[in-house]
Amino acid sequence: MAEASTGASVALAEEALRHARRFDSPRLEAVLHARRARAYAKAGDRRATARAQNAAFAAYDRARDHDVAEEPDAVYWVNLGELESWAATNAINLGDPRTALTHFEAIPAAHQAEGYEHDAYPRAAALRLARTAEAHLALGDLDAAVHAAHRAVSQLGGVASARGSSTLANLRGQLAIHQDTAVVRDFLQRTSA
């Protein structure tokens, strides 16, 4: 079933890419290549993920020289930080948490370079920090995982978000396996509802 779903996702993105080229929209091409990379990562295909991901970054590089006003309205949100975030998630799906951390760590600098105020979007920052915690957890670094998890909770503050809540609930579940460790136990107690 996953193979059929991956094939359908890739085929849809490739068909969209064929049509996107006539719009001369590098941002649109970037997001479609990024969608292909996500589909390949979910299927576990490292090489295809890397090719599609590289194509996404290359398309975005072309977008930097392209007037944003000429881009379709639907891709206003596509920025380097988003592509780094997708690449990080791909790395997690492919079982490569070190590469994921490299991409997660690149996001704030990418946002700053493009004038994107990531602090203005606490839910997005919290989701990124929760996934960063998951990558540290996959590496067995409980201290770094809990540190990122605390930062994620802090970012959410008063933000009521189903996605944010479910992400943190999932992270708490992953950390609960290590509740015999003091730093994890403390985090779980402080964040229990």
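Helices here are DSSP runs of H or I with at least four residues, and they are numbered from the N terminus. This is a predicted model, in which local features need pLDDT of at least 70, side-chain atom pairs count only at pLDDT 80 or more, and totals for chains, interfaces and linings use all residues. Residues are numbered from 1 along each chain as its sequence is written, and side-chain values use heavy atoms, with hydrogens and water left out.

View 1. Let us start with Asp24, which is found in the loop between α1 and α2. Its phi is near 50°, a positive value in a residue other than glycine. Asp24 has 48% relative accessibility and counts as partly exposed; buried means under 20% relative accessible area, exposed over 50%, and partly exposed in between, with a 1.4 Å probe and protein chains only. Ser25 is found in that loop too, between α1 (2-20) and α2 (26-43). Ser25 is buried, with a relative accessible area of 0%. Leaving aside residues up to four places away in sequence, Ser25 touches Ala20, Glu71, Pro72 and Val75, where contact means heavy atoms within 4.5 Å.

**View 2. Helices α4 and α5 side by side.** Here the axes of α4 (residues 80-93) and α5 come within 8 Å and cross at roughly 170°. Axes are lines fitted to C-alpha atoms, for helices over the stretch in contact, and angles run from 0 to 180 degrees between N-to-C directions. α4 and α5 are therefore roughly antiparallel to each other; angles over 145 degrees count as roughly antiparallel, under 35 as roughly parallel, 65 to 115 as roughly perpendicular and the rest as oblique. Among the residues that meet are Leu80, Ala88 and Ile92 in α4, and Phe104, Ile107 and Ala110 in α5. The residues of this contact divide into 11 nonpolar, 5 polar and 2 charged. Ala, Val, Leu, Ile, Met, Phe, Trp, Tyr, Cys and Pro count as nonpolar, Asp, Glu, Lys and Arg as charged, and the others, Gly among them, as polar.

**View 3. Gln112 in helix α5.** Gln112 has its place in α5 (residues 97-113). Is Gln112 buried or exposed? With a relative accessible area of 66%, Gln112 is exposed. Gln112 and Gly81 are 31 residues apart in sequence, and their C-alpha atoms are 9.2 Å apart in space.

View 4. Of the 17 residues of α6, 13 are buried, so α6 is largely enclosed by the rest of the structure. After α6 (residues 122-138) comes Gly140, whose phi is positive, near 80°. α6 packs with α7 (residues 142-156) at an angle of about 165°, their axes 8 Å apart. The two helices α6 and α7 are therefore roughly antiparallel to each other. Residues that meet include Leu129, Ala133 and Leu137 in α6, and Ala145, Ala149 and Leu156 in α7. The contact of α6 with α7 divides into 14 nonpolar, 3 polar and 2 charged residues.

**View 5. Helix α7 beside α9.** The axes of α7 and α9 (residues 182-190) come within 9 Å and cross at roughly 15°. α7 and α9 are therefore roughly parallel to each other. Among the residues making the contact are Val146, His150 and Val153 of α7, and Val184, Phe187 and Arg190 of α9. The contact of α7 with α9 divides into 7 nonpolar, 1 polar and 2 charged residues.

Notes
Expected span 1.5 Å × (residues − 1).
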